[in-house]
Amino acid sequence: MSLIDPQLAAILVCPVDKADLTEDEAASRLVCTQCGRRYPVRDGIPVMLVDEADGGPDE
Ligand SMILES: [Zn+2]
């Protein structure tokens with residue numbers, strides 16, 4: 001059980017720092033292991049846009 005396709009998850013990185021992501025299934029988010037930004041997943045599609053992310057060092 002995962003938010004998105006595991007093969008897709010394996011190649012996704014944070015667009016800011018290129019760090020790996022972890023899934024937060026309860027929140028439907030991908031969370032950066034480096035900066036802590038949280039990217040939304042909508043209908044199985046990760047939205048890897050800084051403008052769409054919440055959390056991270058700026059908050
Ligand atoms: Zn990051």
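Colleague: What percentage of the 59 residues of the protein count as buried?

Modeller: This is a predicted model. In it, 15% of the 59 residues count as buried. The cut-off for that label is 20 or more other C-beta atoms within 10 Å.

Colleague: What makes Lys-18 count as exposed or buried?

Modeller: Its neighbour count. Lys-18 has 9 C-beta neighbours inside 10 Å, so it counts as exposed. Lys-18 lies in the loop between α1 (6-11) and β1 (21-24).

Colleague: And Ala-19, why is it called partly exposed?

Modeller: Ala-19 has 13 other C-beta atoms within 10 Å. The exposed label stops at 12 and the buried label starts at 20, so a residue in between is partly exposed. Ala-19 is also found in the loop between α1 and β1.

Colleague: What does Ala-19 contact, leaving aside neighbours within four places in sequence?

Modeller: Val-13, Cys-14, Cys-32, Thr-33, Gln-34 and Cys-35. Take Cys-32: Ala-19 and Cys-32 are 13 residues apart in sequence, yet 6.5 Å apart in space, C-alpha to C-alpha.

Colleague: How do you know that Ser-28 is partly exposed?

Modeller: Ser-28 has 17 C-beta neighbours inside 10 Å, so it counts as partly exposed. Ser-28 is found in the loop between β1 and β2 (29-32).

Colleague: Which residues make up the largest nonpolar core?

Modeller: Six residues: Cys-14, Leu-21, Leu-30, Cys-32, Tyr-39 and Ala-53. A nonpolar core takes buried residues of listed types, joined through C-beta atoms within 7 Å. Tyr-39 touches two of the other members, Leu-30 and Ala-53. Its contacts beyond four places in sequence also include Arg-29, Pro-46, Val-47, Met-48 and Glu-52.

Colleague: How many helices and strands does the protein have?

Modeller: One helix and five strands. Along the sequence they follow the pattern α-β-β-β-β-β.

Colleague: What makes the protein as compact as a globular protein of its length?

Modeller: Its radius of gyration is 10 Å, close to the 10 Å that the globule rule gives for 59 residues, so the description applies. The C-alpha trace spans about 30 × 20 × 15 Å along its principal axes.

Note on methods
Residues are numbered from 1 along each chain as its sequence is written. This is a predicted model: local features need pLDDT of at least 70, side-chain atom pairs count only at pLDDT 80 or more; totals for chains, interfaces and linings use all residues. Two residues are in contact if their C-beta atoms, placed from the backbone, lie within 7 Å. Helices (H or I, at least four residues) and strands (E, at least two) are DSSP runs, numbered from the N terminus. The radius of gyration is taken over C-alpha atoms; the globule rule is 2.2 Å times the number of residues to the power 0.38.
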